[in-house]
Amino acid sequence: MTGGARVRTALLLLVPVGFFGVFFAYPIGSILGRGLAPGGSVDLTPLTHVFSDPGLRGIAWFTLWQAAVSTVLTLAVALPGAYVLARYEFPGKRIVRALVTVPFVLPTVVVGSAFLALGFQPSLGAILLAHVFFNYAVVVRTVGGLWSHLDPHQEEAARVLGASRRRTWWSVTLPALRPALVAAATITFLFTFTSFGVILVLGGPTRSTLETEIYRQTTQTLNLPLAAALSIVQLVAVVALLVGTGRAEGRRATALGLRPSAEVARRPRTARDRAVVGANLVVMAALLGTPVAVLVARSFDTPGGAGFGFYRALGSVRAGSVLFVPPTDAIRNSLVYALVATAIAVTVGGLAAVAAARTRRRVVDGLLSLPLGVSAVTLGFGFLIALDTPPLDLRTSPWLVPIAQALVAIPFVVRIVGSVLRSIDPRLREAAATLGAGPARVWREVDLPIVTRAASVAAAFAFAISLGEFGATTFIARPNHPTLPIMIFRLLGQPGAQNFGAAMAASTILMALTLVAVLGIDRFRVGELGTF
Amino acid sequence: MHRLARLLVALSVAVAVTAAVPGAGASTRSRAKSDVTITLVTHDSFSVSKHVLGDFTRQTGVKVKVLPAGDAGAALNQVILTKGAPIGDLLFGVDNTFLSRALQAGIFETYRSPRLSAVPAAYQLDPKHRVTPVDHGDVCVEYDKQWFAQHHVPVPTALDDLTKPAYQDLLVAENPATSSPGLAFQLATIAHFGTKQWRAYWSKLRANGVEIVNDWNTAYESSFTAGGGNGTKPLVVSYASDPAAAVYYANPPKPTVSPVGTLLSSCFRQIEFVGVLEGTSHAKEARRLVDFMIEREFQADLPLQMFVYPVRDGTPLPAVFEKYAQVVAKPLTLSPTVIGARRDRWIEQWTDTVLR
């Protein structure tokens, strides 16, 4: 890199690094410091306790392996789905692609109750299934995003040259997909590693993870030293994972011939094509559709037969309370927070991805993924004790909500945009430069159209994440501007058929909103990949 | 390039909307007027009628911002952690199971409200008046009336009944490590059977097939037969006000008999307190709110907002409470000091007895 390019990269990194430092590293450092160095001097005995206590060791081990198994299962189930949505063109495909994103935004409590209603007992199986349910969209969107641009001619060439289907998959498709695959696996692992509601509701009282234990030690027993020690174990595991995957990804990143998605996808022609598409649609309907259907059905299941009674109840039940807001306000709050969070995530994450692609180093991706792997309680309480001095006294500010949501969304933006950026054939840029384009022009003509396309995919995800996010925002004191998930949570907090039914109605509205938002953002394409 | 322009427009719209983040400008607006706004930190289950809080503002000129901060434990711990720079002026929702931690942490200013004379001494658990009692409720075993009638099983009347074969696999309770009613029910068994015998009782409950879940919501809405889902347990650890709530929040037409009943001998008393936070710059206004919370209007509003009972003598109860909820005459209790000193060990012992 030339000196000028280095300066430009450093400038690009200024915003993401600053954001990460102020809203992640500083709060987390503060809460860990409060736990491990309460009097100013560091005391690491709680940390040794984690390794000497068989109960805690068991929790750490369970956390790790259930996340690993969940990730493998999610990939196994969702990769064929990603393939079908990337490579085939069929009626209703847009809707299906948006629909698979819906589970992702649902509050875990609600999904837990749907699984229990379907007859699942709290068990390991229920946890794993719920994790696949939640993370299916991560794989479909992250891997599918790249897959839909992979030039199928490469695979066809391999087949013509005599390679079997299997051989073609292992030596042509898989290496090309690798960056996106690693990204999807990493994100799924981090989500399931820090899974909270699913473990609590579907794991039953005998299964704890680091996340549920940190929650307990922080909010119930106020054992901050132990909570800090557990958070550090969590952090170390996540850093080790990110360094490992960063290497795996970095070694193999190859420039690919990318094609417009419309050119890549084809209609299912043969019987085999139709079977593949059909089978995956059935899997999606059974796995993702059934729990969702339970929720929707319950929202209409009023005593007098199917009706909108619970939707009307949303606007009336507990209407006199000072904390009541009409559902329209909750929808508005959700949308405004999600818009702000998406704007922050796309700006910060986009800059980081562009800078990271220039340096060809993985530090930035990894660093910005850390918030996914750290306990929401730790982060929430970290905000509370760190951001307490003006101008950064944001503890009770409404801004904290979209900021917390953006922290979760940024890794998606960085990875989705980054994996596409890295796959741009450098010869394209060289050709443009040879033809007389300056660096700015090269970027505008070659990188920008691809970046904006990837950014819109990432934005859809960021938007969905913040619509459904219920982690750190649960643990920060927030003024009374409830979002839909908070409204659902409040309704579920009191007994009575109307509260329960209204919670189901609010969940259905949340799903519908997500569907519309994702459909809208999916349509919003800026600069489709050119035909070169 | 017009597409890029579209993106830029969209981005600037997004930025413009950020200016409209709900409440972002609220603090400046309230500062413009001369009246004071105080912040009441509380748990997520807090509620009060809009018009009641509005009356407080009309009477005093003081506005109240309500700040829900997670469950009761999370809200208290947030206040403890921000002791030097409090996030609000008062904390409501510390109960007798958390009281000793709150008092030890020294987060409250002393304030003896002149209105306390109307509150029975039994609720005034802090002789130094750092906290003021506001409401009470009872955690009890609740039963599904219809289930017991249909199955011709007599309704249990004592904690000991729950270990009998007739009630095998019928009870769902919450994990005391993660749930406040779960802890209250464990404390009920300790208060009833004593510190020596309660573990033996739980061993018998376990042998009799008690189901343990982590949170109240799962217990009531998924496992309980009279909850929202298709549960299979007709006995659940929940609140004595459930029979009233089950009617009040029933789908119309409202039933004339509550579907839920209370096992009155199983109840553990929870008392909730409010206190003025040390370091507030609005002590006078905060104290005024403490007074208001034990005045008649606020007290009478409590039952239908939070499904708890007022502590003030002679406060009228709503009809739905009078008619459907049973008054727990002799609740089980333990002193907050004893709970504070032993809760963590008790929870560990419970886990060893019931889950391992």
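Helices (H or I, at least four residues) and strands (E, at least two) are DSSP runs, numbered from the N terminus. Keep that in mind as you click through this predicted model, in which local features need pLDDT of at least 70, side-chain atom pairs count only at pLDDT 80 or more, and totals for chains, interfaces and linings use all residues. Residues are numbered from 1 along each chain as its sequence is written, while chains are lettered from A and ligands numbered from 1 in the order in which they are written.

**Stop 1: a loop in chain A**

Select A:Arg318. It sits in the loop between α15 (309-316) and α16 of chain A. Most residues other than glycine have a negative phi. A:Arg318 is buried, because 20 other C-beta atoms lie within 10 Å. The cut-offs: a residue is buried if 20 or more other C-beta atoms lie within 10 Å of its own, exposed if 12 or fewer, and partly exposed in between, with C-beta atoms placed from the backbone.

**Stop 2**

Now pick B:His129. Its phi is also positive, about 60°, although the residue is not a glycine. Look for B:His129 in the loop between α5 and β4 (132-144) of chain B. B:His129 is partly exposed, with 15 other C-beta atoms within 10 Å.

**Stop 3: helices of chain A**

Select residues 3-36 of chain A. This is helix α1, and A:Gly29 lies in it. A:Gly29 is partly exposed, with 13 other C-beta atoms within 10 Å.

Move to helix α14, residues 271-300 of chain A. A kink of about 45° lies at A:Gly289, shortly before the proline A:Pro291. That bend is the angle between axes fitted to the seven residues ending at a residue and the seven starting there. Buried residues of α14(A) include A:Met284, A:Leu288, A:Pro291 and A:Arg298.

Next comes helix α23, residues 497-523 of chain A. Its 27 residues reach 39 Å from first C-alpha to last, close to the 39 Å expected at 1.5 Å a residue. The expected span is 1.5 Å times one less than the number of residues. Of the 27 residues of α23(A), 19 are buried, so the helix is largely enclosed by the rest of the structure.

**Stop 4: where the chains meet**

Show both chains. Here 56 residues of chain A are in contact with 64 residues of chain B. Two residues are in contact if their C-beta atoms, placed from the backbone, lie within 7 Å. On the chain A side, elements giving two or more residues include α6 (108-117), α16, α18 (376-386) and α23. That side divides into 28 nonpolar, 24 polar and four charged residues. Ala, Val, Leu, Ile, Met, Phe, Trp, Tyr, Cys and Pro count as nonpolar, Asp, Glu, Lys and Arg as charged, and the others, Gly among them, as polar.

**Stop 5: the largest nonpolar core**

A nonpolar core is a set of buried Ala, Val, Leu, Ile, Met, Phe, Trp, Tyr and Cys residues joined through C-beta atoms within 7 Å. The largest one has 273 residues, and A:Ala409, A:Val413, A:Ala458, A:Ala462, A:Ala506 and B:Leu90 touch the most other members. Helix α16 (residues 327-359) of chain A gives the most to this core, with 19 residues.

Zoom in on B:Leu90. Not counting residues up to four places away in sequence, B:Leu90 touches residues including B:Ile38, B:Val274, B:Ala286 and B:Leu289.

**Stop 6: chain B and its domains**

Buried residues make up 52% of the 356 residues in chain B.

Colour domain 1 (33-135 + 271-310) and domain 2 (138-270 + 318-354) of chain B. These bounds come from an automatic or database domain assignment. The C-alpha centres of the two domains lie 28 Å apart. Their contact takes 15 residues from domain 1 and 18 residues from domain 2.

**Last stop: B:Leu170**

Find B:Leu170 in the loop between α6 (145-150) and β5 (171-174) of chain B. It counts as buried because it has 24 C-beta neighbours inside 10 Å. B:Leu170 touches B:Lys233, B:Pro234 and B:Leu235, not counting residues up to four places away in sequence.
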